[in-house]
Amino acid sequence: MSDGQQNDPEVGSGAGGGRRHFLKTLGLGAAAAGAVAAAPAPAWGGRTLKDAFADLFRKHYKEMSPDEVEAALRRIERRAEARLGVGIDCSNTPPLEGVVFGYAINVSVCRGYRDCVSGCVKENNLGRDSQVQYIRVLEMEQGTLDLEQADHYYDPATVPVEGKYYLPVQCMQCDDPPCVKACPVEATWMEPDGVVVVDYDWCIGCRYCMTACPYWARHFNWTEPQIPAEEVNSNTHYLGNRPRPRGVVEKCHFCLQRTRVGREPACVEACPTGARVFGNLLDPDSEIRWILANKTVFRLKEDLGTEPKFWYYTD
Amino acid sequence: MPGGRIPGFLMMLSLTGLVQAEPAAEGTVVEKVQQDPGRSEVTFSVRPRRDQLYFYPCADCHEFMDSNGDIRQLEVETGHPAGLEHGDGRIWCLSCHSSTSQYNMLHDLLGQDLDLDRGYRVCAGCHGEHYRDWSHGAHGKRVAVWRGERVLFSCVECHNPHHPAIAPRAPQPPPPVRAGLEPMKGQVSGKGVPWLSRTEGAASE
Amino acid sequence: MIRFLFDAVRTVLQGPREYWLWLLFLAAVIAYGVANYVQQLTTGLVVTGMSDQVSWGFYISNFAFLVGIAAAAVLLVIPAYIFNRRDVKEVVLVGEGIAVAAVIMAMLFVVVDLGRPERFWHMIPGPGRFNFPLSLLAWDVVVLSGYLLLNLGIPFYILYSKYRGGEPSLRLYFPFVVLAIFWAISIHTVTAFLFSANPARPYWHTALLGPRFIASAFVSGPGLIILTLQVIRRVTSYRIEQSVIDLLALIMTFALQINLFFVVAELFTDFYNEGSHSVSIRYLFFGIEGFASLRPWIWTALGMNLVAVTILTIHPLRRNLVTLNIACVLACVGIWIEKGMGLVIPGFIPTPLGEVFEYTPTRTELGVSAAIWALGFMIFTLLAKLVIAVEQGKVTHAR
């Protein structure tokens with residue numbers, strides 16, 4: 001199903017008769033056109049022609065008026081209903097004032113369970129069969145931080161394995177993000193609360209941002225993400241976990257739908273060891289700030305100058 | 001259940017100026033810990049666990065038993081811990097549990113009784129660094145939110161005090177590869193740590 | 001002007017049987033590729049062999065190679081218009097025809113690589129948002145579009161003047177020629193910067209990438225032009241002086257020598273003290289962790305280039321058309337491998353997190369790519385037919 005294919009809606013053509021007949025036919029035709037536009041059809045992915053047109057000819061998120069954003073949110077909800085068979089709520093919760101999000105993981109405590117990965121997949125409506133997982137946990141050789149020696153596909157009977165430690169990696173929400181520079185259409189940018197977001201309805205799928213990311217944090221929908229209807233998380237955000245189309249890039253967005261209303265991200269909640277810490281970098285009394293001030297911290301690939309807002313620390 | 005059967009002497013602890021405990025709403029226990037000098041105190045509450053204990057109140061049985069202070073393995077019913085896999089023989093039951101008439105209590109290193117919901121103060125006696133980290137968020141978990149009311153999970157939510165070592169468990173499945181592609185097979189392991197193989201080779205000769 | 005266009009269409013629709021067979025063959029390849037592309041449009045890029053690990057593949061490999069071919073047209077423009085070589089001036093429009101075909105092919109390779117091609121208009125400033133000058137991809141769009149316009153506009157003006165029976169006014173088009181020369185260098189430099197801008201990919205993150213691109217473009221471009229000119233000699237009555245081919249062969253020789261020197265410089269820098277920046281090139285030339293699918297390709301390419309540079313360096317062999325053609329084919333294919341798959345794919349292996357995941361293009365990818373190449377050949381054939389007809393005076397306004 002190809003979104004955005006275009007046909008001209010039927011327009012009535014007056015054939016013979018007087019002007020009144022012509023105008024009447026025209027009126028009927030216009031009504032028919034309206035009906036065609038309003039009726040869902042398989043050609044537009046189950047959406048109405050009107051929705052498909054409105055989605056195709058849209059403005060950039062930053063240029064949309066509040067009404068236009070609202071209309072876009074409703075279209076997303078209708079599209080999800082048509083595609084997934086589930087009603088969802090899509091919000092556009094703005095960033096909180098005076099907040100820049102920061103994240104820290106205690107490497108001494110991570111056991112490699114990957115509960116964070118599955119929590120994220122469920123919370124963020126990630127395609128179950130498509131490869132996309134925002135978090136990747138690396139099984140590292142004790143004694144080295146050399147990523148070449150990491151095992152991505154570890155599957156022992158139990159973790160932790162002797163002689164290994166575990167390093168989860170996801171989007172670092174860089175403060176000087178190379179991906180934002182790379183995007184030719186400004187489909188990705190950093191929000192005021194520090195999260196680097198993607199507008200899935202603006203991305204053209206060129207994947208240049210993926211080549212620019214030093215942390216392999218950005219992922220592409222090579223195929224339509226499939227989510228079982230009963231597992232859909234219906235609490236969604238426009239820039240966050242609302243269902244995505246194929247052919248666009250996506251990545252960890254610090255669970256905007258949760259964090260902008262004060263809840264912790266799904267990975268933090270899912271982790272049973274408490275290795276993950278999340279908070280406001282601008283609040284001097286926050287846990288994340290205490291960790292940065294009092295624990296031994298490091299960041300990955302710091303020498304590249306990306307200024308990640310994602311730290312690792314040890315006991 | 002009633003919020004705090006917190007004895008009055010706990011208020012005496014507040015005289016130390018370092019710790020204050022007070023009865024809190026909704027059965028949580030509120031702690032105030034002084035942070036670094038010059039900074040505001042860190043305040044948090046701890047999710048209570050006492051309600052979920054099976055062998056509570058202890059007094060139900062122990063009221064009718066004589067107190068025996070000999071260090072030993074207990075002969076008990078299934079479920080009630082008989083000994084400790086904690087501390088390698090350096091501690092035993094009564095190191096933490098009260099053996100006075102306050103059967104339902106724990107006690108800290110000062111000998112002062114502590115309600116089971118403030119059991120983390122017992123852990124703090126030996127595990128001070130973890131206690132410090134935990135109270136500031138660098139250890140353990142916070143319930144549900146990153147701002148607003150700060151409720152922490154008590155130590156015993158993760159660590160069974162009678163055998164605190166967390167057992168290894170199976171991980172969730174490894175990541176998939178892209179739909180339609182096969183995982184890479186036949187990987188030869190990486191270079192490893194070069195000097196290690198050298199010394200091992202030398203040692204074996 | 002309309003009449004010119006009508007006459008142009010009539011010219012390309014007239015031709016001997018071989019001409020039509022050739023066009024028919026190309027059309028068949030295009031049709032096959034279009035069917036593959038439709039499959040890609042309806043199912044998604046999952047029909048390709050790309051993955052999150054190797055997120056650019058055969059399409060972008062061909063794109064990088066073709067931008068080089070397009071830039072190499074400048075090697076005919078400079079002798080023709082700056083040094084006023086009459087012999088080169090006779091074929092310069094053919095070179096610009098190659099440039100047009102190559103740019104169109106390059107742009108098409110980017111379009112078929114997009115996940116949402118219907119959203120390409122998001123790049124148009126105004127209705128869309130164009131991240132210029134920050135995004136190198138935005139720069140590439142600007143320079144390629146400009147280059148296409150220049151290489152359509154200037155030849156169109158010259159042809160139209162000849163069609164009208166007059167001479168084109170040098171004063172009018174010369175500034176654009178100078179612009180086109182600088183622009184040609186810029187398209188390939190920008191394309192090189194597209195890759196070298198990424199510190200996330202140490203294999204590409206070298207200042208040498210820009211010079212390597214130019215050097216290899218000045219090998220593959222002239223090589224292709226030399227072969228094309230000889231085909232034109234064979235199938236038409238158009239006169240092509242041997243001196244033109246000699247000049248191109250000489251340029252090719254120097255460029256290939258320089259390119260091979262760059263390869264030596266890369267190999268030394270990466271292998272003398274091997275660090276994390278060298279893993280990709282080790283994968284390419286030797287394989288890592290037991291995976292080495294590109295190894296036979298790169299050594300073949302290196303071998304081809306070495307044979308080619310030997311032939312070209314030895315004067316009698318360069319002058320001999322048979323050995324020269326062999327050298328051209330070897331060099332073009334060698335550069336195509338080295339700059340295409342040998343450049344793009346190792347940039348993704350290993351991933352920034354150290355994972356080795358290999359890539360093989362699927363039949364769908366190859367089908368779509370073949371169609372784009374066929375379309376490029378077709379465009380060039382039609383343009384060359386028109387250029388030759390006008391230059392030979394067979395198509396004029398006065399009739």
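1. Quick term first: two strands count as paired here if DSSP finds at least two bridges between them. Keep in mind that this is a predicted model.

2. With that in hand, look at strand 12 (residues 310–313) of chain A. Strand 2 (residues 101–106) of chain A runs parallel to strand 12 of chain A, and four bridges link the two. For a landmark in this pairing, find Ile105(A), whose bridge partner in strand 12 of chain A is Tyr312(A).

3. On to strand 11 (residues 297–298) of chain A, which pairs with strand 12 of chain A in the antiparallel sense, over two bridges. Tyr312(A) turns up here again, with Phe298(A) standing opposite.

4. Which way do the side chains of strand 12 point? Phe310(A) and Tyr312(A) go one way, while Trp311(A) and Tyr313(A) go the other, and all are buried.

5. Zooming out, these strands sit in an open sheet of four strands in chain A, ordered 10-2-12-11, and the pairing is mixed. Strand 10 (276–280) and strand 11 of chain A are at the edges with a single partner strand each, so each has one side with no neighbour in the sheet.

6. Helix 9 (residues 287–294) of chain A packs on this sheet and touches strands 2, 10, 11 and 12 of chain A. The direction of helix 9 makes about 110° with that of strand 10 of chain A.

7. Last pairing to check: strand 2 and strand 10 of chain A run antiparallel, joined by five bridges. Gly102(A) has Gly279(A) as its bridge partner in strand 10 of chain A.

Methods. Residues are numbered from 1 along each chain as its sequence is written. Chains are lettered from A and ligands numbered from 1 in the order in which they are written. This is a predicted model: local features need pLDDT of at least 70, side-chain atom pairs count only at pLDDT 80 or more; totals for chains, interfaces and linings use all residues. Side-chain values use heavy atoms; hydrogens and water are left out. Buried means under 20% relative accessible area, exposed over 50%, partly exposed in between (1.4 Å probe, protein chains only). Contact means heavy atoms within 4.5 Å. Axes are lines fitted to C-alpha atoms, for helices over the stretch in contact, and angles run from 0 to 180 degrees between N-to-C directions.
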